Amino acid sequence: MLNKMQIIGNLTKDPEVKNGVAKFTVAVNEKFKTKDGEQKETTEFFNCAMFGRLADVAENYFTKGMKVYLEGKLNTREYEGKYYTTVNVQNFSFLGGGQQATKEKTINVSQEPDFSDDIPFN
């Protein structure tokens, strides 16, 4: 079985880091043409989380507007009758942009997230 999510997008704000977990949202733009040839664009927003060492990296280097490539597992949890879906990031690359443009860097890790915190992504 495979649960793997890959996205390229821009951070909508600086990550919020608490108890070793960095939470942030990435906006992914998609351009397409309608049947009549009109150019349209849609934006999808993905809630993301990074844990442990990766949360430290996100806190220190991720900034609003930065373009990133993210790889991870899609996780959906139920909390008080509502469902919350998050991309649990396990690997990423800086692609540039944002307030502090950086050279492309890659960090490869295989780490399982700690779900001891039952509070949903806000």
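Reply: Asn 19 is found in the loop between strand E2 (16-18) and strand E3. The model is a predicted one.

Me: Why is Asn 19 counted as exposed?

Reply: The relative accessibility of Asn 19 is 69%. Exposed means over 50%, so Asn 19 counts as exposed. The phi of Asn 19 is near 55°, a positive value in a residue other than glycine.

Me: Where is Glu 80 found, and how do you know whether Glu 80 is buried or exposed?

Reply: Glu 80 is found in the loop between E5 and E6. Its relative accessible area is 68%; the cut-off for exposed is over 50%, so Glu 80 is exposed. Glu 80 has a positive phi of about 50° although it is not a glycine.

Me: What share of the residues of the protein chain counts as buried?

Reply: Of its 122 residues, 35% count as buried. The chain exposes about 8,100 Å², and carbon and sulfur atoms supply 47% of that area. Among contacts between residues at least 6 apart in sequence, 58% join residues at least 24 apart.

Me: Which residues of the largest nonpolar core touch the most other members?

Reply: This core has 21 residues, and those that touch the most other members are Phe 24, Val 26, Met 50, Phe 62, Leu 70 and Phe 92. The elements that give two or more residues to the core are strand E1 (5-11), strand E3 (21-33), strand E4 (39-51), helix H1 (53-61), strand E5 (66-79) and strand E6 (82-97). As for Leu 70, its contacts beyond neighbours within four places in sequence include Met 5, Ile 7, Phe 24, Val 26, Cys 48, Val 89 and Phe 92.

Me: What makes the aromatic pair of Phe 62 and Phe 94 edge-to-face?

Reply: The structure holds five aromatic pairs. In the pair of Phe 62 and Phe 94, the centres are 5.6 Å apart and the angle between the planes is 80°. Phe 62 and Phe 94 are buried.

Me: How do you know that Phe 92 and Phe 94 form an aromatic pair?

Reply: Their centres are 5.2 Å apart, and the limit is within 6.5 Å, so the rings form a pair. The planes stand at 85° to each other, which makes this pair edge-to-face. Phe 92 is buried, as is Phe 94. Ring pairs link Phe 24, Tyr 61, Phe 62, Phe 92 and Phe 94 into a cluster.

Me: Why is the contact of Lys 4 with Glu 71 called a salt bridge?

Reply: The closest N and O atoms of Lys 4 and Glu 71 are 3.7 Å apart. A salt bridge requires a side-chain nitrogen of Lys or Arg within 4 Å of a carboxyl oxygen of Asp or Glu, so the name applies to Lys 4 and Glu 71. Lys 4 lies in the segment before E1 and Glu 71 in strand E5, so the pair ties together parts that are 67 residues apart in sequence. Because buried means under 20%, Glu 71, with a relative accessible area of 17%, is buried.

Me: How many salt bridges are there?

Reply: The count comes to three salt bridges. One of them joins the side chains of Glu 16 and Lys 13, at 3.0 Å from N to O.

Me: What makes Glu 16 and Lys 13 partly exposed?

Reply: Glu 16 has a relative accessible area of 47%, and Lys 13 has a relative accessibility of 38%. Buried is under 20% and exposed is over 50%, with partly exposed in between, so Glu 16 and Lys 13 count as partly exposed.

Me: In what sense do E3 and E4 pair?

Reply: E3 and E4 pair in the antiparallel sense over 13 bridges. Lys 31 stands opposite Glu 41 in E4. The hairpin of E3 and E4 has five residues between the strands, and Gly 37 there takes a positive phi near 85°.

How values were computed. Residues are numbered from 1 along each chain as its sequence is written. This is a predicted model: local features need pLDDT of at least 70, side-chain atom pairs count only at pLDDT 80 or more; totals for chains, interfaces and linings use all residues. Side-chain values use heavy atoms; hydrogens and water are left out. Buried means under 20% relative accessible area, exposed over 50%, partly exposed in between (1.4 Å probe, protein chains only). Contact means heavy atoms within 4.5 Å. Accessible areas come from the Shrake-Rupley method with a 1.4 Å probe; for residues, only the protein chains shown count as cover. A nonpolar core is a set of buried Ala, Val, Leu, Ile, Met, Phe, Trp, Tyr and Cys residues joined through side-chain atoms within 4.5 Å. Helices (H or I, at least four residues) and strands (E, at least two) are DSSP runs, numbered from the N terminus. Rings of Phe, Tyr and Trp (its six-membered ring) pair if their centres lie within 6.5 Å; planes under 30 degrees apart count as stacked, over 60 as edge-to-face and the rest as tilted. Two strands pair if DSSP finds at least two bridges between them.
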